[in-house]
Amino acid sequence: MNRSADVVVIGAGILGCAIAFELSKRDHDVIVVDKLPTAGYGSTSNSCAIVRFHYSTYDGVALSHESAQAWFDWPGYCGVEDERGFAEYLRCGSLVLKSAIRDYSKYRTQFERVGVRYEELGLDELEERFPYLDLGDHGPPRAPDDPDFDEPAERDLVGAIFTPDAGYVSDPQLATHNLMRAAEHRGCEFIFDAEITAIPTSTGRVAGVELAGGHRIHAPVVVNVAGPHSFVINRMAGVIDDMTITTRALRHEVHHLPSPPGLDFNSVGTTVSDSGNGVYVRPEIGNHILVGGEDPECDPKTWVDDPDVFDRELSRSVFEAQVFRLAKRIPDLGIPDRPKGVVDLYDVTDDWIPIYDRSTLPGFYMAVGTSGNQFKNASGVGHLMAELILAVESGHDHDSDPVEVRMPYTGLELDLGFYSRNREMNPDSTYTVLG
Ligand SMILES: Cc1cc2nc3c(=O)[nH]c(=O)nc-3n(C[C@H](O)[C@H](O)[C@H](O)COP(=O)(O)OP(=O)(O)OC[C@H]3O[C@@H](n4cnc5c(N)ncnc54)[C@H](O)[C@@H]3O)c2cc1C
């Protein structure tokens with residue numbers, strides 16, 4: 001049956017649900033469509049859900065600081081009960097270990113400017129507070145088959161920056177379900193097991209979406225929040241050729257392993273960013289440690305042409321690269337015989353900074369290219385996309401005069417030109433998952 005709405009959101013991941021919630025709060029009649037059976041079953045389901053503030057740009061730090069405020073009172077942000085309960089925010093802090101291979105001074109400058117709480121830690125304090133960490137500077141990261149891989153560190157770390165309010169969300173799929181319930185409470189409708197196969201247009205603007213089977217949902221506004229499928233949807237809408245920055249899918253593995261004997265990492269652990277070793281770490285339920293890669297140059301990248309077809313098996317080579325490097329940092333770590341963990345896709349832009357923007361097709365918007373680091377920003381992205389859509393639909397020329405948005409918790413002003421599809425590649429980005 002054909003339907004109509006003010007807005008169709010393509011994708012019920014954490015960002016699609018947040019955008020739908022924020023638009024519904026603003027009295028828009030919203031329908032969210034997803035080809036999977038329920039909310040948060042796409043790449044969101046395998047997210048490490050780390051909430052951190054160390055981004056290389058002011059905008060990155062500001063958006064994560066703003067969005068964290070919603071995680072601090074998640075049921076309050078959602079404003080409605082969920083029969084499944086709420087995802088929890090575990091405020092374990094985040095430790096950025098400073099290797100001599102990088103300059104970390106930008107973090108401190110941005111934290112001061114934005115208002116993120118932080119502590120600079122010297123080696124003595126690091127040893128006292130995190131006695132299970134080796135304090136050698138192992139940088140630059142090396143592949144396990146590099147002849148120098150096992151060479152001992154020649155120097156110590158420079159120190160560390162600790163942000164006590166960072167942490168992680170216990171269950172990213174549940175958090176997305178919470179947002180779905182919040183959006184439904186505001187009148188939003190969700191349609192699952194429905195694949196969008198075409199983006200129809202009429203008189204020079206988007207006219208809605210077409211589903212497999214031929215049904216249509218008519219709408220003057222459509223938002224592409226399709227995660228790693230973002231380029232497929234952009235191709236359907238015919239907007240890719242008019243974008244300077246584009247997106248593509250990148251395979252990513254995360255490995256889970258038990259904490260060393262005697263270490264209760266769930267209780268005393270923190271998230272760790274270890275650029276010298278090219279890995280990041282997070283405590284995981286069951287006294288496990290979760291480790292992923294920070295995309296160091298020595299690690300090959302597996303770009304995926306078809307996001308429906310990729311190898312979902314963990315690989316020995318990535319397991320060894322990540323786990324052997326972690327064992328340099330946590331020397332008592334036991335190395336399991338067999339890899340355990342998850343494989344999923346990042347939706348990566350050319351400069352690893354997302355695109356939150358309109359397009360050349362009037363009425364067609366996108367929140368894409370989240371580059372492995374935007375789960376944490378759900379509430380902030382929901383707000384800024386809703387404000388962007390309201391402004392552009394009211395006649396604002398965002399391409400020549402970028403919309404500025406005041407964020408609700410912190411009052412910080414964000415210039416949305418930063419996230420433009422037509423920006424120059426951002427020279428301040430790390431060109432990795434760190435953003
Ligand atoms: C392994 C991994 C670890 C990560 N760790 C972190 C982290 O620690 N911290 C952090 O902040 N971020 C992290 N991220 C990134 C974060 O998870 C993503 O940025 C975020 O989940 C993206 O949400 P989304 O809603 O845009 O996309 P998704 O969750 O992928 O949702 C997109 C939805 O669109 C639907 N869809 C696609 N095509 C169609 C179609 N044609 N018709 C209908 N529906 C369609 C899909 O079914 C899917 O449900 C990680 C990502 C991965 C993969």
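The structure is a predicted model, in which local features need pLDDT of at least 70 and side-chain atom pairs count only at pLDDT 80 or more, while totals for chains, interfaces and linings use all residues. Residues are numbered from 1 along each chain as its sequence is written.

**Around the ligand**

Let's start with the ligand, which 39 residues surround; a residue counts as near when its C-beta atom, placed from the backbone, lies within 6 Å. The closest are Gly11, Gly13, Gly42, Ser47 and Gly227. By type, the shell holds 19 nonpolar, 15 polar and five charged residues. Here Ala, Val, Leu, Ile, Met, Phe, Trp, Tyr, Cys and Pro count as nonpolar, Asp, Glu, Lys and Arg as charged, and the others, Gly among them, as polar.

Domain 1 and domain 2 each give at least three residues to this shell; their bounds come from an automatic or database domain assignment. The elements below each supply at least two shell residues; helices (H or I, at least four residues) and strands (E, at least two) are DSSP runs, numbered from the N terminus.

| Element | Residues |
|---|---|
| α1 | 14-25 |
| β17 | 247-258 |
| β22 | 341-349 |

β22 gives the most, with four residues.

Three strands make an open antiparallel sheet in the order β4-β9-β5, where pairing takes at least two DSSP bridges between two strands. β4 (50-51) and β5 (89-90) stand at the edges with a single partner strand each, so one side of each is left without a neighbour in the sheet. Two bridges join β5 to β9 (residues 167-169), and leucine 90 has tyrosine 168 in β9 as its bridge partner.

**Helix α9**

Helix α9 (residues 316-329) has 14 residues and reaches 20 Å from its first C-alpha to its last, close to the 20 Å expected at 1.5 Å a residue (1.5 Å times one less than the number of residues). Its buried residues (20 or more other C-beta atoms within 10 Å of their own, with C-beta atoms placed from the backbone) include Val318, Phe319, Leu326 and Arg329. Among the elements covering the buried residues of α9 are β17 and β18 (271-274).

**Arginine 358**

Finally, arginine 358 is found in strand β23 (residues 355-358). Arginine 358 is buried, with 25 other C-beta atoms within 10 Å. Leaving aside neighbours within four places in sequence, arginine 358 is in contact with Tyr365, Val392 and His398 (contact: C-beta atoms, placed from the backbone, within 7 Å).

How values were computed. A residue is buried if 20 or more other C-beta atoms lie within 10 Å of its own, exposed if 12 or fewer, and partly exposed in between; C-beta atoms are placed from the backbone. Two residues are in contact if their C-beta atoms, placed from the backbone, lie within 7 Å.
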